[in-house]
Amino acid sequence: MTFEQFAATTSASLLMLAGISADRFLYAFRLIGALLVATLVPLLIDRRFRR
Amino acid sequence: MYIGHVGAALAAKRVRGSIGLLVLLVATYTPDWIDAGLCVAGVYNSREMLSHSIPAVLVCALIGFVAYAVATRDWTGALVIAAVILSHLLLDWVTGYKPTWPGGPMIGLQLYDHPLADFLAEGIVIFAGALLYGRTLPPRRRPWVDISIMLGALLSLQLTIDIAHLLMKSLPKC
């Protein structure tokens with residue numbers, strides 16, 4: 001078993017144990033990531049301008 | 001709407017400069033944060049009734065108004081926060097397809113299916129927001145440089161999202 005296969009199997013198993021489907025995890029991960037980027041990028045630029 | 005919501009937050013900064021940009025950014029994305037929370041909690045509604053319907057956004061705006069007013073005693077600022085939260089729904093009707101009320105119709109232009117049109121619509125809001133935001137910055141010799149940096153960063157983010165939509169039509173939903 002390669003490392004990639006091991007990582008994929010393990011992470012899928014952990015998600016299933018937590019009761020989270022892979023699709024749900026991916027959607028939440030993508031949405032939260034996008035929200036953080038959309039919040040932090042203008043915020044950091046603003047901080048730099050006002051220093 | 002994606003990055004266009006930042007335009008609403010930037011414009012609000014011009015209306016009430018005393019409100020922190022972080023507070024405005026959280027307010028402008030409130031329905032989307034609720035969506036993310038519902039998804040993680042396993043109670044996500046595919047029609048986004050609990051996050052993007054008119055009653056849901058009105059409740060969010062009311063909570064935002066009360067929370068900001070109680071925390072700062074700034075009633076005008078609280079009104080601006082409520083308006084920014086409400087703007088989320090109005091802007092989403094331009095680019096998305098959102099619920100009205102339980103049992104009501106779904107409305108919106110669904111520009112997400114047309115990434116170029118989506119980019120133009122979001123770009124207009126971002127551009128207007130960045131211009132207004134520029135007037136809140138401390139006086140400098142070349143203020144247009146600051147506005148261009150903000151504008152460039154936001155338009156780049158939006159372009160990335162639209163290209164991703166174009167390349168990956170069927171991303172998994174919650």
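Modeller: α2(A) and α2(B) are roughly antiparallel to each other, because their angle of about 160 degrees lies over the 145 degrees required for that term. This is a predicted model. The axes of α2(A) and α2(B) are 10 Å apart, and the crossing of the two helices is right-handed. On the chain A side, A:T39, A:P42, A:L43 and A:D46 make the contact, and they meet B:L21, B:L22 and B:L25 of α2(B). By class, the residues of this contact are 5 nonpolar, 1 polar and 1 charged.

Helix α2(B) also packs against α1(B), which spans residues 4–15 of chain B. Here the angle is about 140 degrees and the axes are 9 Å apart. The two helices are therefore oblique to each other, and their crossing is right-handed. From α1(B), the residues B:H5, B:V6, B:A8, B:A9, B:A12 and B:K13 take part, meeting B:L21, B:L24, B:L25 and B:T28 of α2(B). That contact divides into 7 nonpolar residues, 2 polar and 1 charged.

As for the interface between the chains, 24 residues of chain B are in contact with 19 residues of chain A. On the chain B side, the elements giving two or more residues are α2 (21–28), α3 (30–41) and α8 (143–167). The chain B residues on that side comprise 19 nonpolar, 1 polar and 4 charged.

How values were computed: Residues are numbered from 1 along each chain as its sequence is written. Chains are lettered from A and ligands numbered from 1 in the order in which they are written. This is a predicted model: local features need pLDDT of at least 70, side-chain atom pairs count only at pLDDT 80 or more; totals for chains, interfaces and linings use all residues. Two residues are in contact if their C-beta atoms, placed from the backbone, lie within 7 Å. Helices (H or I, at least four residues) and strands (E, at least two) are DSSP runs, numbered from the N terminus. Ala, Val, Leu, Ile, Met, Phe, Trp, Tyr, Cys and Pro count as nonpolar, Asp, Glu, Lys and Arg as charged, and the others, Gly among them, as polar. Axes are lines fitted to C-alpha atoms, for helices over the stretch in contact, and angles run from 0 to 180 degrees between N-to-C directions. Angles under 35 degrees count as roughly parallel, over 145 as roughly antiparallel, 65 to 115 as roughly perpendicular and the rest as oblique. A crossing is left-handed if the near helix is turned anticlockwise from the far one by less than a right angle, and right-handed if clockwise.
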